[in-house]
Amino acid sequence: MAVIIQQVVGRLHGAHLYPDIVGVARSLNFYPMPGMRPEDGVASVVLGLGKSVVDGGRCMRFSPAHPRKPIQSFSPKDHLDNSQRAFLALNTSAPRPDSTPQGIPELGLESLDLSEAERHGTLHAVGSVYSPDADAVYDGLSRRGIRLVTMAGVLKSGVFPLAEVVSLLLKAGSAGSACPVEMEFAVNLSASQGKPHEFAFLQIRPLVLGTDAQDIRIDDLDAPDVLCSAHSALGNGFIHGVCDLVYVRMENFERGRAPAIAREIGELAAGLRKAGRPFLLLGPGRWGSADPWLGIPVSWADIAGVSCIIETDLADMHVDPSQGSHFFHNIMSFGIGYLTADPRKGDTLDWQWLSSMPAVHESGSLRHLEFSSAMEIALNGLRSYGVVMKPGAPLPRRSS
């Protein structure tokens, strides 16, 4: 057994120690936005100590290959919903461990308001301002308004070549490891001219993948056992234990009723969530769309607890997949499977089988099916396809 002691990266600002930027980067991104490839990678960064990144808190996500292209924020509301509003720092004046009862693991960590970072001078390179009067987000801190962490000065203005450095190290790490990698890093920006910035390469490790899922090919599947196969899918690996399916009845679907359907889904999902039953959600158009004429305008609160989502085309209109705003941000954060079934690409969806199954709840718009066996779900993030098997039907596995 070995113990590695690593120096904390950061600078002191009064009694508080923290780095300007800290983050985690992966050489593969299984939730790429349009125009991006999985191998372009993804990074999640914050101001301050990185516990909030590891714990799934608010952070800034970007592709090192496309640092100016947004992943999670497309509007002022998205920025307000997703952007970091506080940061973690180590209080060096906190009590010593031996004077604290039962040795608190997070001893000395404090959550500070962004006003403290602005006072320390560490917010300027990574901050932006939301102006309620203009309903707009402006890079930099020269205006009055709500302070947000957007990494604008780093990703747009070249204060520090973060994207270039991260991209280079991910490529070198992947080549040296002969596999995709994940790395952790921190940055101390220079406090004065003439002194270099510091990039701290904290650690790198192989990226754990659902490797079996990469060996499943849609054309190998036995059609009667397949509920849905799609050549457009986000996520990677297997999803187990899903025995409930909620779907929109296409034969009765009316776009004008989309908001009412969203409310009904929210009520069903709340019951499933309370019962601890993950579920599969299926319906037409864009899930989470702000425009009810393009799909079902559910909010994240309406479907929290979902394990996988399937989008289908509207009967009279092709709608591009949902990949934007806070809704998509949660899809990424929680690792939820996302399939877009398009028959024009050879995708399949067995509506006839769904209609023949007894429902535990049925209305004019929705059906809720509950199965005694789970539906096997596999997602291949590298090839961008996925499959959902009917209850009890196994996925074929190949060793190569």
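**View 1. Asp-135 in the loop between strand 8 and strand 9.** Strands (E, at least two residues) and helices (H or I, at least four) are DSSP runs, numbered from the N terminus. This is a predicted model, in which local features need pLDDT of at least 70, side-chain atom pairs count only at pLDDT 80 or more, and totals for chains, interfaces and linings use all residues. Residues are numbered from 1 along each chain as its sequence is written, and side-chain values use heavy atoms, with hydrogens and water left out. Asp-135 is not a glycine, yet its phi is positive, about 50 degrees. Most residues other than glycine have a negative phi. With a relative accessible area of 45%, Asp-135 is partly exposed; buried means under 20%, exposed over 50%, and partly exposed in between (1.4 Å probe, protein chains only).

**View 2. The hairpin of strand 8 and strand 9.** Four residues lie between the two strands, and Asp-135 is in the turn. The strands, residues 136–139 in the case of strand 9, run antiparallel and are joined by four bridges; two strands pair if DSSP finds at least two bridges between them. Ser-131 has Ala-136 of strand 9 as its bridge partner.

**View 3. Strand 8 and its pairing with strand 10.** Strand 10 covers residues 146–149, runs antiparallel to strand 8 and is joined to it by four bridges. Gly-127 is bridged to Val-149 of strand 10. Which residues of strand 8 point one way, and which the other? Gly-127, Val-129 and Ser-131 point one way, Ser-128 and Tyr-130 the other, and all are buried. Because five of the five residues of strand 8 (residues 127–131) are buried, the strand is largely enclosed by the rest of the structure.

**View 4. Met-151 in the loop between strand 10 and helix 4 (152–155).** Met-151 is a residue other than glycine with a positive phi, near 60 degrees. Met-151 counts as buried, at 0% relative accessibility.

**View 5. The largest nonpolar core, with 35 residues.** A nonpolar core is a set of buried Ala, Val, Leu, Ile, Met, Phe, Trp, Tyr and Cys residues joined through side-chain atoms within 4.5 Å. Ile-265, Leu-281, Trp-287, Ile-296, Ile-303, Val-306 and Ile-309 touch the most other members of the largest core. Two or more residues of this core come from each of strand 15 (237–248), helix 7 (258–274), strand 16 (279–284), helix 8 (300–303), strand 17 (306–312) and helix 9 (325–333). Helix 7 gives the most, seven residues. Another core, of 34 residues, lies apart from this one; among its members are Leu-88, Leu-114, Leu-123 and Leu-141.
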